[in-house]
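Subject: Structure handover

Hello,

Here is the structure I promised to pass on. My notes on its aromatic residues and cavity follow below.

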Amino acid sequence: MSLAAPGYWARPDLAGTLRRHWPLLPLAATVLFLLAPLPAGDATASGKVGPADAASLLLVLVCAVQALRGRVRALTPLAAAVLGAPAVGLAVATVTAGDPYAALPGFVRYLQVFVLVPAAVVLLVRDAREFRLAAGCFVVLALVQGAVGVVQYATHTGASYQGEDIRAVGTFGPGDVMGMATVVAYGLIVATAAALAPGLPARLRRIAAGCALVLVLPLVLSFSRGAWIATLAAAVLVMALAGIRRALTVLAALAAAGVVLVGGLGVGSEMVGERLTSITQVSSAPDQSVTDRYTMWAAAESMWRERPAAGVGLKGFPAHRDGHASLGLSSGSDTAGAGQAYIRQPLLSPHNMYLLILSEQGLIGLVALAGGWAALLVAGLRRLATGAGAGAGAWMRDCGLIAIGLFVWQLTDFLYADIGGPSTVLTGVIVGLAAWWALPSPGAAGPLRGAGPLRGAGADPGAPGPVPESSSGR
């Protein structure tokens, strides 16, 4: 069925849609359950199992049941190797840790985020329409969390920042100040990619562009330097992949929105300027957060040099930190506001995912994890460049732009952050969406052609691979 065929974008029957796509409900819940607020007054709650984590476990269970029934996508040996390789590095880092039992929770968490959830997404998302449904959940989450963040800034009910309770943190609270910035950035990237995609209807592209512009404000009010840098990198790449003309249009709109918000309306202009300036102040009067970050980076590198092959073990960074960090490291970071009392949170990670892997899992873990990410990025870019420019695949280009944009955002953000907090589970979903795009099923006739539409489902002809007839929802 052509994208322009009558009725393709018509409103589907709700009961029929649920019957055909019910395995995606746990995936949608994994994203949307992050709308649930954390308990007030407990800044440490961000490290506990939350509703989104429970939904991700249900997602894995549904995937296992569907796999036993033969109703999931087939994987190539390469796809199975890329998705499963991290488990090897994690197992080595666990058994070689000084205290394997203490490392076991880290093994479970890494396995959830980087193996089980990505594999479940790859296996359960059957076609481009289901991919778009999953991506749309990110935009809904971002809009709601962003709205909460803007209200927090306007009413001085956010997290404490420079003596004022104005930092937009959404429902994540001051114990996870990166949570709202992360999910808002995800939604902004998805909306930007959809606005630039040539195959989507003009009305949908206009709505997506509006969502992207709206999400600029809460992202700015998050005062998160790492999220700003990652969003800029991912957005520029998505624009370049979509075409120079479209890129210049969207870039001009985003720049105008930033000028109006920060310059014209004065939304946090002074604080935003100070935050931007602090990015470059590494050796010249850096603030304490920058000093702590680079001190922990040096400590992580020192741990790796001590045990280069397998690292100090999962969850081993906090125990080895003081033995490798300089005296410039502070005792922790101050958190307060957004309904929570003042708490001094300890610094338990280097705030750099690659250095965290290197220090705790050594070269074995880094090659298994980061090597797989590099393979997914190269394969995804290659597929987008070689197969999505013409024919039936042209209207599937939005899936590639979204997958690459989200994945590049995550890989860039890992330079300034690591896993932790409720939004961590979304990392697994993003890796899964990137793998879905980069690793087509073995039965695909071409880089963007599947085996045909699902019977009765109105599926995309650009589906990444064949789906058994029994999975058509009957």
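Start with Phe-114 and Trp-373: both are buried (buried means under 20% relative accessible area, exposed over 50%, partly exposed in between; 1.4 Å probe, protein chains only).

Before the rest, the ground rules. This is a predicted model, in which local features need pLDDT of at least 70 and side-chain atom pairs count only at pLDDT 80 or more, while totals for chains, interfaces and linings use all residues. Residues are numbered from 1 along each chain as its sequence is written, and side-chain values use heavy atoms, with hydrogens and water left out.

Aromatic contacts

Phe-114 has a relative accessibility of 4%. Its ring and that of Trp-373 form a tilted pair, with centres 5.5 Å apart and planes at 45°. For reference, rings of Phe, Tyr and Trp (its six-membered ring) pair if their centres lie within 6.5 Å; planes under 30 degrees apart count as stacked, over 60 as edge-to-face and the rest as tilted. Phe-114 sits in helix H5 and Trp-373 in helix H14 (residues 353-387), so the pair ties together parts 259 residues apart in sequence. Helices here are DSSP runs (H or I, at least four residues), numbered from the N terminus.

The structure holds 9 aromatic pairs. Another of them is Tyr-110 with Phe-114, also tilted, at 5.8 Å centre to centre and 35° between the planes. Both residues lie in H5 (residues 100-124), 4 residues apart, or about one turn of the helix. Tyr-110 is buried too, at 6%. One aromatic cluster takes in Tyr-110, Phe-114, Tyr-354, Trp-373 and Phe-414.

The cavity

How many cavities of 30 Å³ or more does a search of the whole structure find? The search gives 1. A cavity is a set of points on a 1 Å grid over the protein atoms alone where a 1.4 Å probe fits but cannot get out; lining residues have an atom within 4 Å of a point. The largest cavity has about 80 Å³ of space, a volume being the space filled by probe spheres set on the points, which are joined across faces, edges and corners.

Phe-114 and Trp-373 are among its lining residues, as are Val-82, Pro-118 and Val-431. Helix H4 (77-95), H5 and H14 each supply at least two lining residues. H14 gives the most, with 5. The lining divides into 10 nonpolar residues, 1 polar and no charged (Ala, Val, Leu, Ile, Met, Phe, Trp, Tyr, Cys and Pro count as nonpolar, Asp, Glu, Lys and Arg as charged, the others, Gly among them, as polar).

Best wishes

Definitions and conventions:
1 Å grid on protein atoms, 1.4 Å probe; cavity = no way out; pocket = protein on both sides within 12 Å on 5 of 7 lines; lining within 4 Å.
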